[in-house]
Amino acid sequence: MAHSDHEFGGISTDLKLSLVGGYLQQFTTALRPQFQQLWYIDAFAGTGERTVIIPGRAADMLGPEIDARVERRAGSAKIAIDVSPAFDKLVFMDKRPKHIAALNDLRAANQSRNISVVPGDANAEIMKLLGEQKSWAGTRAVMFLDPYGMSVDWRTLEAIRRTEAIDVWYLVSLSGLFRQATRDAEDLDPSKRAALTRMIGTADWENDWYEMKRRTNLFGDVDERLARTAEVDDMERYFGARLAKLFPAVLPPLRLNDDRGIPQFALFFAISNPKNVAIGLASRIAGHILKSGISSKVRP
Ligand SMILES: C[S@@+](CC[C@H](N)C(=O)[O-])C[C@H]1O[C@@H](n2cnc3c(N)ncnc32)[C@H](O)[C@@H]1O
């Protein structure tokens, strides 16, 4: 495999990328006349492409044998490079050296563009990048947070919010939340607790998601146990309410399931600029895009 090979995602990946790509396109179109600097920050950028393996098929009555084939499709970084009107600056972060090598190749193939490739942990590198920017006047940015799991720290979101200049697409890992928040509170070990608190930004989830429950075992003995009563919908709502407390505007998320229909992610859009005009414009564009995502999911 080449270092640009990056196989990930299920059926929801195309949808996620087409929604975020659609937003980027409309964002630069709407804001180009008003802002000198439009930035795209991809904190979990991957390689710029994704590799999709299309399975083959044995010969049958419907047709001859078809070989499996590998297809390369644009990932978020490449999609952002191709947006027109173009972004003035693109920042691609990733912690895997192999992915950084592929992103450097992408930068080399687009030498006329202002592209920074930043190796390292997204939380630390976002903090560094935002700290170096003394003023956001004249600059607006979109950030895409697309981790596999629960890698985005709450304090990173707080720093993004403080810029008042960055719109965020955040793919929140619901499966991460419901796996770490075990059904039985006895299975919550310190590392699970810490991961949840780091991501949610408060330790209150434990009180809010767990209740004492009576249980009868096979022999008819009754005991009481602390168990999680919050289901995935409650957790999604809870996280959405946390975001809504931090950001001036947050849109209702789009739920993304895996191929078996198990909830995996909620795609949230949050706006850090508190001005009504900025909220109005960004929510009109993103709201329309999120609704188109919902209708494309229900289409047979
Ligand atoms: C789902 S992939 C991103 C896919 C990309 N958005 C695309 O569309 O092509 C997640 C990426 O995050 C990277 N990653 C995981 N944890 C990270 C962290 N803490 N900091 C930076 N990158 C991280 C992984 O190496 C992987 O490339």
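**View 1. Ser76 and Asp121 each face a ligand nitrogen in this predicted model**. A polar atom in the side chain of Ser76 sits 2.8 Å from a nitrogen atom of the ligand. For Asp121, a polar side-chain atom likewise lies 2.8 Å from a nitrogen atom of the ligand. The protein covers 96% of the ligand's accessible area, which is 610 Å² for the ligand on its own.

**View 2. A shell of 20 residues surrounds the ligand**. The closest are Ser76, Asp94, His99, Asp121 and Asp146. By residue class, the shell holds eight nonpolar, seven polar and five charged residues.

**View 3. Helices α4 and α5 cross at roughly 20°**. Helix α4 spans residues 122–132, and helix α5 spans residues 154–163. Their axes come within 10 Å. Angles under 35 degrees count as roughly parallel, so α4 is roughly parallel to α5. The crossing of α4 past α5 is left-handed.

**View 4. A cis peptide bond joins Ser84 to Pro85**. Omega for this bond is near 0°. Pro85 belongs to the loop between α2 and β4. Helix α2 covers residues 76–81, and strand β4 covers 89–94.

**View 5. Glu164 has a positive phi**. The value is near 55°, in a residue other than glycine. Glu164 lies in the loop between α5 and β7. Strand β7 runs over residues 166–173.

Note on methods: Residues numbered from 1 in each chain as written. Predicted model: local features only at pLDDT ≥ 70, side-chain atom pairs only at ≥ 80, totals over all residues. Heavy atoms only, no water. Near = heavy atom within 4 Å. Polar contact = N/O pair within 3.5 Å; in protein donor to acceptor, adjacent residues only side chain to side chain. Areas by Shrake-Rupley, 256 points an atom, 1.4 Å probe, with all protein chains shown as cover. Nonpolar A, V, L, I, M, F, W, Y, C, P; charged D, E, K, R; others polar. Axes fitted to C-alpha atoms, helices over the stretch in contact; angles between N-to-C directions. Helix = DSSP H or I, 4+ residues; strand = E, 2+ residues; numbered from the N terminus. Parallel < 35°, antiparallel > 145°, perpendicular 65-115°, else oblique. Left-handed = near helix turned anticlockwise from the far one by under 90°.
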